[in-house]
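Here are my notes on this one, point by point. Have the model open while you read.

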Amino acid sequence: MSRIVDGVTRPAPITIEIDGAMIQAHPGETLAAAIVAAGAYRMRDDRSGAPRGLLCNMGTCSECFVWIAMDGAWRRRRACLTPVSERLRIATHEGQP
Ligand code: FES
(Lines give C-alpha, C1' and ligand atoms only; values in the text may rest on other atoms or scores of the structure.)
Protein backbone atom coordinates (compact mmCIF):
# COMPACT_ATOMS: atom_id res chain seq x y z
CA MET A 1 0.00 0.00 0.00
CA SER A 2 1.20 3.52 -0.58
CA ARG A 3 0.01 6.98 0.24
CA ILE A 4 -2.49 8.91 -1.84
CA VAL A 5 -0.47 11.49 -3.76
CA ASP A 6 -2.84 13.37 -6.02
CA GLY A 7 -4.33 16.43 -4.38
CA VAL A 8 -2.68 15.82 -0.98
CA THR A 9 -0.12 18.08 0.64
CA ARG A 10 1.85 16.66 3.55
CA PRO A 11 4.47 18.07 5.91
CA ALA A 12 8.09 17.20 5.16
CA PRO A 13 8.85 13.56 5.98
CA ILE A 14 10.59 12.45 9.14
CA THR A 15 12.46 9.22 9.73
CA ILE A 16 11.40 6.52 12.15
CA GLU A 17 12.98 3.14 12.86
CA ILE A 18 11.12 -0.14 12.74
CA ASP A 19 12.98 -3.32 13.66
CA GLY A 20 16.21 -1.57 12.73
CA ALA A 21 14.99 -0.36 9.31
CA MET A 22 14.58 3.33 8.67
CA ILE A 23 11.30 4.41 7.03
CA GLN A 24 9.81 7.74 6.07
CA ALA A 25 6.68 9.04 7.77
CA HIS A 26 4.87 12.36 7.78
CA PRO A 27 3.98 14.31 10.92
CA GLY A 28 0.29 13.81 11.59
CA GLU A 29 0.31 10.16 10.56
CA THR A 30 -0.16 7.35 13.01
CA LEU A 31 2.45 4.65 13.36
CA ALA A 32 0.01 2.24 11.75
CA ALA A 33 -0.37 4.46 8.69
CA ALA A 34 3.41 4.85 8.37
CA ILE A 35 4.04 1.11 8.78
CA VAL A 36 1.42 0.15 6.21
CA ALA A 37 2.59 2.85 3.80
CA ALA A 38 6.07 1.35 4.07
CA GLY A 39 4.65 -1.97 2.89
CA ALA A 40 4.72 -3.78 6.21
CA TYR A 41 1.56 -5.25 7.67
CA ARG A 42 2.83 -7.25 10.65
CA MET A 43 2.68 -5.25 13.87
CA ARG A 44 3.39 -8.09 16.31
CA ASP A 45 3.12 -11.84 16.79
CA ASP A 46 0.56 -13.49 19.04
CA ARG A 47 1.44 -16.15 21.64
CA SER A 48 1.39 -18.87 18.98
CA GLY A 49 3.79 -16.87 16.82
CA ALA A 50 1.14 -15.93 14.26
CA PRO A 51 1.51 -12.43 12.78
CA ARG A 52 -1.03 -9.80 13.79
CA GLY A 53 -1.80 -6.48 12.15
CA LEU A 54 -4.33 -3.72 11.82
CA LEU A 55 -7.93 -4.72 12.41
CA CYS A 56 -10.14 -1.96 13.81
CA ASN A 57 -7.76 0.98 13.28
CA MET A 58 -9.54 2.86 16.06
CA GLY A 59 -7.99 1.65 19.29
CA THR A 60 -10.39 -1.04 20.43
CA CYS A 61 -8.97 -4.41 19.35
CA SER A 62 -5.30 -4.18 20.44
CA GLU A 63 -4.16 -6.16 17.40
CA CYS A 64 -1.73 -3.41 16.44
CA PHE A 65 0.43 -3.37 19.56
CA VAL A 66 4.04 -2.52 18.83
CA TRP A 67 6.96 -1.91 21.15
CA ILE A 68 8.26 1.66 21.36
CA ALA A 69 11.56 2.68 22.93
CA MET A 70 10.70 5.32 25.53
CA ASP A 71 12.69 6.58 28.48
CA GLY A 72 15.18 3.72 28.30
CA ALA A 73 12.56 0.96 28.17
CA TRP A 74 10.35 -0.74 25.60
CA ARG A 75 6.66 0.06 26.07
CA ARG A 76 3.64 -1.38 24.27
CA ARG A 77 1.51 1.06 22.36
CA ARG A 78 -1.31 0.77 19.84
CA ALA A 79 0.12 1.73 16.46
CA CYS A 80 -3.26 3.00 15.27
CA LEU A 81 -3.43 5.59 18.08
CA THR A 82 0.21 6.64 18.30
CA PRO A 83 1.37 9.60 16.22
CA VAL A 84 4.76 9.40 14.57
CA SER A 85 7.58 11.58 15.83
CA GLU A 86 11.17 12.12 14.76
CA ARG A 87 13.63 9.37 15.74
CA LEU A 88 10.91 7.07 17.07
CA ARG A 89 12.20 3.50 17.52
CA ILE A 90 9.67 0.73 17.12
CA ALA A 91 9.95 -3.03 17.40
CA THR A 92 7.46 -5.69 16.46
CA HIS A 93 8.91 -8.02 19.10
CA GLU A 94 9.49 -7.17 22.75
CA GLY A 95 12.94 -5.79 23.40
CA GLN A 96 14.05 -5.72 19.77
CA PRO A 97 16.22 -4.72 18.15
S1 FES B 1 -5.98 -1.77 15.06
FE2 FES B 1 -7.34 -2.21 16.66
S3 FES B 1 -6.46 -1.17 18.37
FE4 FES B 1 -5.19 -0.63 16.70
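1. First, a term: buried means under 20% relative accessible area, exposed over 50%, and partly exposed in between (1.4 Å probe, protein chains only). With that in hand, Asn-57 counts as partly exposed at 45% relative accessibility. Asn-57 sits in the loop between β4 (51-52) and β5, and has a positive phi of about 60° although it is not a glycine.

2. Some housekeeping: this is a predicted model, where local features need pLDDT of at least 70, side-chain atom pairs count only at pLDDT 80 or more, and totals for chains, interfaces and linings use all residues. Residues are numbered from 1 along each chain as its sequence is written, and side-chain values use heavy atoms, with hydrogens and water left out.

3. Asp-19 also deserves a look. Its phi is near 50°, a positive value in a residue other than glycine. Asp-19 lies in the loop between β1 (14-18) and β2 (21-25), and is partly exposed, with a relative accessible area of 31%.

4. Now the overall layout. The chain has 1 helix and 7 strands (DSSP runs numbered from the N terminus: H or I of at least four residues for helices, E of at least two for strands). Along the sequence they follow the pattern β-β-α-β-β-β-β-β. The radius of gyration is 13 Å, close to the 13 Å that the globule rule gives for 97 residues, so the chain is as compact as a globular protein of that length. That radius is taken over C-alpha atoms, and the rule is 2.2 Å times the number of residues to the power 0.38.

5. Of the contacts (heavy atoms within 4.5 Å) between residues at least 6 apart in sequence, 40% join residues at least 24 apart.

6. Which residues lie nearest the centre of the largest pocket? They are Arg-44, Asp-45, Trp-67, Arg-76 and Thr-92, out of 11 lining residues. A pocket here is an open set of points on a 1 Å grid over the protein atoms alone, where a 1.4 Å probe fits, with protein on both sides within 12 Å along at least five of seven lines; lining residues have an atom within 4 Å of a point. The largest share of the lining, 3 residues, comes from β5.
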